[in-house]
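Visitor: Hi! Could you walk me through the helix packing and the strand pairing in this one?
Guide: Happy to, let's bring it up.

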Amino acid sequence: MQTRKKKTAPSDMNSASNLPDSPLRGFIGYNLKRAYMSLHSDFVASLTHLDLKPTTFSALAIINENPDISQTDLARSLAMERSNIVVMIDELEKRGLIVRNKVPTDRRVYALRLTDKGTALFNDASRAVQHHEDKLLEDFSFDEKEQLVRMLIRIQKVK
């Protein structure tokens with residue numbers, strides 16, 4: 001006896017594999033991952049013309065907001081290993097985007113600050129990222145965007 005294959009509605013189809021993903025659509029984690037994948041690829045593309053990666057953009061944002069932040073505090077803020085931060089800081093410094101100054105009270109600590117070139121690049125990148133988000137979330141109202149951000153922040157605090 002032959003069994004009939006259940007027809008799947010187009011809305012249940014995962015465009016990447018053409019297989020139904022409806023059993024997963026009830027899971028928040030699955031939907032967060034899918035949303036991240038949609039946002040991330042366009043986010044990366046929005047920074048490519050500036051020769052920035054999401055992590056370097058994030059570092060510039062944190063340093064811009066916190067002049068003279070230490071490398072350790074930057075690593076903590078970005079949830080990165082200190083050794084990985086050093087490589088990124090070296091790259092940003094080599095490109096003339098930041099300066100790394102010794103802290104007079106503790107010569108083992110470096111204070112990070114954007115250069116004028118770094119500030120200009122950060123401003124250009126911020127506009128590109130804002131355009132990216134505006135384009136992808138154009139169907140969301142301002143209030144919906146604010147609510148989404150608040151809910152995502154709440155999720156990050158859950159442990």
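Visitor: Is the crossing of α2 and α3 right-handed or left-handed?
Guide: In this predicted model, α2 crosses α3 in the right-handed sense.

Visitor: Nice. At what angle do the two helices pack, and how far apart are their axes?
Guide: The angle between α2, residues 54–65, and α3, residues 71–78, is about 120°. Their axes lie 10 Å apart.

Visitor: Is that oblique or perpendicular?
Guide: Oblique, because roughly perpendicular covers 65 to 115 degrees and the angle here is about 120°. That is why α2 counts as oblique to α3.

Visitor: Which residues make the contact?
Guide: From α2, the contact uses S58, A59, I62 and I63. On the α3 side, L74, S77 and L78 take part.

Visitor: And how many of those are nonpolar, polar or charged?
Guide: Five residues of the α2 and α3 contact are nonpolar and two are polar, with no charged ones.

Visitor: Switching to strands: how do β2 and β3 pair, parallel or antiparallel?
Guide: Antiparallel, over six bridges, with β2 spanning residues 98–103. The two strands form a hairpin, and two residues sit between them.

Visitor: Where does β1 come in?
Guide: Strand β1, residues 69–70, is joined to β3, residues 106–114, by two bridges. β1 and β3 also run antiparallel.

Visitor: Which residue of β3 stands opposite S70?
Guide: That would be A111.

Visitor: What about N101, which residue stands opposite that?
Guide: A111 of β3 again.

Definitions and conventions:
Residues numbered from 1 in each chain as written. Predicted model: local features only at pLDDT ≥ 70, side-chain atom pairs only at ≥ 80, totals over all residues. Heavy atoms only, no water. Axes fitted to C-alpha atoms, helices over the stretch in contact; angles between N-to-C directions. Helix = DSSP H or I, 4+ residues; strand = E, 2+ residues; numbered from the N terminus. Parallel < 35°, antiparallel > 145°, perpendicular 65-115°, else oblique. Left-handed = near helix turned anticlockwise from the far one by under 90°. Contact = heavy atoms within 4.5 Å. Nonpolar A, V, L, I, M, F, W, Y, C, P; charged D, E, K, R; others polar. Pairing = 2+ DSSP bridges.
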